[in-house]
Amino acid sequence: MFYIQQINTCNGFYCDYFSPNKAYKPKMWTEAWTGWYTEFGGPVPHRPVEDLAFSVAKFIQKGGSFINYYMYHGGTNFGRTAGGPFIATSYDYDAPLDEYGLLRQPKWGHLKDLHRAIKLCEPALVSGNPTVMPLGNYQEAHVFKSKSACAAFLANYNQRTFAKVAFGNQHYNLPPWSISILPDCKNTVYNTARVGHQSTQMKMTPVPIHGGFSWQAFNEVPSAYGDSSFTMSGLLEQINTTRDATDYLWYMTDVKIDPSEGFLRSGNYPVLTVMSAGHALHVFVNGQLAGTAYGSLEFPKLTFTEGVNMRAGINKIALLSIAVGLPNVGPHFETWNAGVLGPVTLNGLNEGRRDLSWQKWTYKIGLEGEKLNLHSLSGGSSVEWAEGSLVAQRQPLTWYRTTFSAPAGNAPLALDMGSMGKGQVWVNGQSIGRHWPAYKASGSCGYCSYTGTYTEKKCLSNCGEASQRWYHVPRSWLKPTGNLLVVFEEWGGNPNGISLVRREIDSVCAYMYEWQPTLINWQLHASGKVNKPLRPKAHLMCGPGQKIKSIKFASFGTPEGVCGSYRQGSCHAFHSYDAFQRLCVGQNMCTVTVAPEMFGGDPCPSIMKQLAVEAICG
């Protein structure tokens, strides 16, 4: 008989608490969450690197032996691969390498330094279990020792205050919610809350296209029956009907209105109510869009209820139900459903309320444009496209297409879809994914502190803006010329607002304390090459092909704020700009020592000073 040996592991934002189910098994963290995914209708989550580094150091100090980051490289949910439902096309995840493959600083650099510091501790870490020593009410040391090595992790779990602790006949200042790493049990080489790497502010720069995009358009006809349509009584569940071959399922039925109906004279439209299991719904009455409703990741179900303009005789109701991804987390996927499950009712008639749920409904799976492959390089020739002034704007169920040449250079590319509503995008027949910039992010965005337990609801941005505005276009999908861009727009948008953009660095920042420990300085001391205290250095580097154009801000003293919005504090060296103007402007990268003499002298001798600088790249 064979026995399968399994190692239970931990996934989460924190795993220091985790213990394997057998003492002989290694303590493994298989998903250290670097951030969180974005959902359509939700803000964009960010996880401060100070907290991420704190969680990893805490795991190692408590005997952790393996860490795998999820995600380390952000990605894109191309096609219809996004799950959830309602997970956005971007799966950037605030990862150290972003969705476009670029370094996200300071997260990438700070984690790199963390693992270099842990590596220095390796001889002691692998020798046995740590000794835990209390250093205060919220402070403790984990000490690893072997015959020839000693390493210590000094932790301050207090979320609000610094702690001065005594350890090994020395004193150490520990920032709130941080861990200092001492690979020789004496010298601090790294603190999780002291970031030595630059921060980068990214921007999306429009790529000039001669004459702009020249669009052609083709309109779908709602409630158009086709060869593939079928009719039956009652309402069908969507996923079982479409077999997930498409996001779209049409529910179509006729409603007969007698000429004697009172609403025809009073003008008080009857109210159509449609209850759906999700995820989005466009309602057409006699070929006109009557309204839209959609759910959210937390509440995928939706109810459409609005007055609709109906006339005497036969009225055609066409409900376009849209799935926005399948569930990908949790038990019993088979119990999840989507589509119009009812009831569907019409209120305000002479008879009162009419239930349409069990009358005959005609179903059509997918869109006419999908059947004709309008997104492909060869499929567009099967229909007549409107051009020039005939291209309608803000029309529902419209296919748009254009061609463009690949921009020069290697900078990552994206489509700015901010002027559109909801639909899908293709480049050269490859699906970029679902776009939904009209779904604005709701939530609480504001100041974000790295201290305290992180959750996916803690550090949010983009409230009131599109959950996702930019959509990644891989350069490997492009040809030098003649690239086909196809957009299907469900509920109306302006294609003239679509632009191709490149992702690049806008500005770089550094924020350092004047005696901040660094790995390089410790290694110089350990090697015996120097025997005096060394000042840290601020490093600034723009992207490939860029140079530092100007210094937006520089202050050695007590600056305040964060990258992008620094401001002077009560103490400021008036020559703070000079060194950066001299050493950095016009260069791709530069290094400036964080020492008073570099900035004209010490502006406040009795105070621990910091340097904050922001440089503009271009």
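**Disulfides and a helix in a predicted model**

A disulfide, meaning a pair of cysteine sulfur atoms within 2.5 Å, joins C542 to C617, with a distance of 2.0 Å from S to S. The torsion about the S-S bond of C542 and C617 is about -80°, and therefore this disulfide is left-handed. C542 lies in the loop between β35 (537-541) and β36 (548-557), while C617 lies in strand β38 (residues 610-617), so the pair ties together parts that are 75 residues apart in sequence. Here helices (H or I, at least four residues) and strands (E, at least two) are DSSP runs, numbered from the N terminus. Both C542 and C617 are buried, where buried means under 20% relative accessible area, exposed means over 50%, and partly exposed lies in between (1.4 Å probe, protein chains only).

The structure is a predicted model, in which local features need pLDDT of at least 70 and side-chain atom pairs count only at pLDDT 80 or more, although totals for chains, interfaces and linings use all residues. Residues are numbered from 1 along each chain as its sequence is written, and side-chain values use heavy atoms, with hydrogens and water left out.

A search of the whole structure finds eight disulfides, and one of them is formed by C150 and C185, whose sulfur atoms are 1.9 Å apart. Because the torsion about the S-S bond of C150 and C185 is about -80°, this disulfide is left-handed. C150 belongs to strand β9 (residues 150-156) and C185 to the loop between β12 and β13, so the pair ties together parts that are 35 residues apart in sequence. C150 and C185 are both buried.

Another disulfide joins C448 to C459, with 1.9 Å from S to S, and the link of C448 and C459, with 65° about the S-S bond, is right-handed. C448 and C459 lie in the loop between β30 (430-435) and β31 (460-461), so the pair ties together parts that are 11 residues apart in sequence. C448 is partly exposed, with a relative accessible area of 30%, whereas C459 is buried, with a relative accessible area of 4%.

We turn now to a helix. The 14 residues of helix α2 (residues 107-120) should span 20 Å at 1.5 Å a residue, and the end C-alpha atoms of α2 are 20 Å apart, which agrees; the expected span is 1.5 Å times one less than the number of residues. Among the buried residues of α2 are L111, L114 and I118, and the buried residues of this helix pack against elements including α1 (49-61), β4 (66-70) and α7 (519-527), where contact means heavy atoms within 4.5 Å.
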